[in-house]
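Okay, thanks for coming, everyone.

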Amino acid sequence: LTKDAQNRMQQSITISPIIVSEERHLCLIQITDASVSIKRERVLQSNSEQLTIKATTDGLTGAYNRGFFDERYKAELGRAHRQKNPLSLIMLDLDYFKAYNDNYGHPAGDKVLISIVNALKSQLNRATDVVARYGGEEFVVILPDCGPEGGLAFAEKLRAAVSNLSIPHCGSKIADYVTISVGVATYQPDSSCSSTCLLET
């Protein structure tokens, strides 16, 4: 903002009609400084947005939390059913994560979880795609309007993104670095698969 714009006063203007006689009409114009009220509203809005973020976001990783996932999944499944579009879910789990914590410590494990989420988010291309922490070292990705082939291809991208981090993991029995196991399930509108079926596949 320019200096003049910063020095402008936020104003509230009220115009009230005053009838003096049938032939004569006046109006009362009241101008008051609304800067304090507007500043208060902005603070309240900012606090409300921060509370919303805290209520829907996992505090450690920055991914959406389980509560947000449950609501979003229910909404997306309903939309997929109404619009006859597929919906894919990707469930993933860090391999031998307990062994990682045992060997490197929980603070290091927390850093790994954060790195994993950042890697997963970096692969998202659409605003409708969602990464959420399902629990512990388990995460889930919601892919609306995505069929089984697309879900499998995207799951491979996620697996590769995590492997490419090359985070050392001496306690793993399958690799020298941190890896993930990935599963994909797809809801097809023309099938009898329910929401429970989709999650348990």
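Let's start with Lys-84, which is exposed, with a relative accessible area of 54%. By exposed I mean over 50% relative accessible area, while buried is under 20% and partly exposed is in between, using a 1.4 Å probe and protein chains only.

Quick background: this is a predicted model, where local features need pLDDT of at least 70 and side-chain atom pairs count only at pLDDT 80 or more, while totals for chains, interfaces and linings use all residues. Residues are numbered from 1 along each chain as its sequence is written, and side-chain values use heavy atoms, with hydrogens and water left out.

So where does Lys-84 sit? In the loop between helix H3 (66-83) and E3. Helices (H or I, at least four residues) and strands (E, at least two) are DSSP runs, numbered from the N terminus. Phi of Lys-84 is positive, near 60 degrees. Most residues other than glycine have a negative phi.

Tyr-96 has a positive phi too, near 50 degrees. You'll find Tyr-96 in the loop between E3 and H4, and it's partly exposed at 35%.

Now helix H4, residues 97-104: Phe-97, Tyr-100 and Asn-101 are buried there. They sit on the same side of H4, because they cover an arc of only 95 degrees around the axis, taking directions from the helix axis to the C-beta atoms. On the other side, Lys-98 and Asp-102 are exposed.

What do the buried residues of H4 pack against? Strand E3 (87-94) and helix H5 (106-121), where contact means heavy atoms within 4.5 Å.
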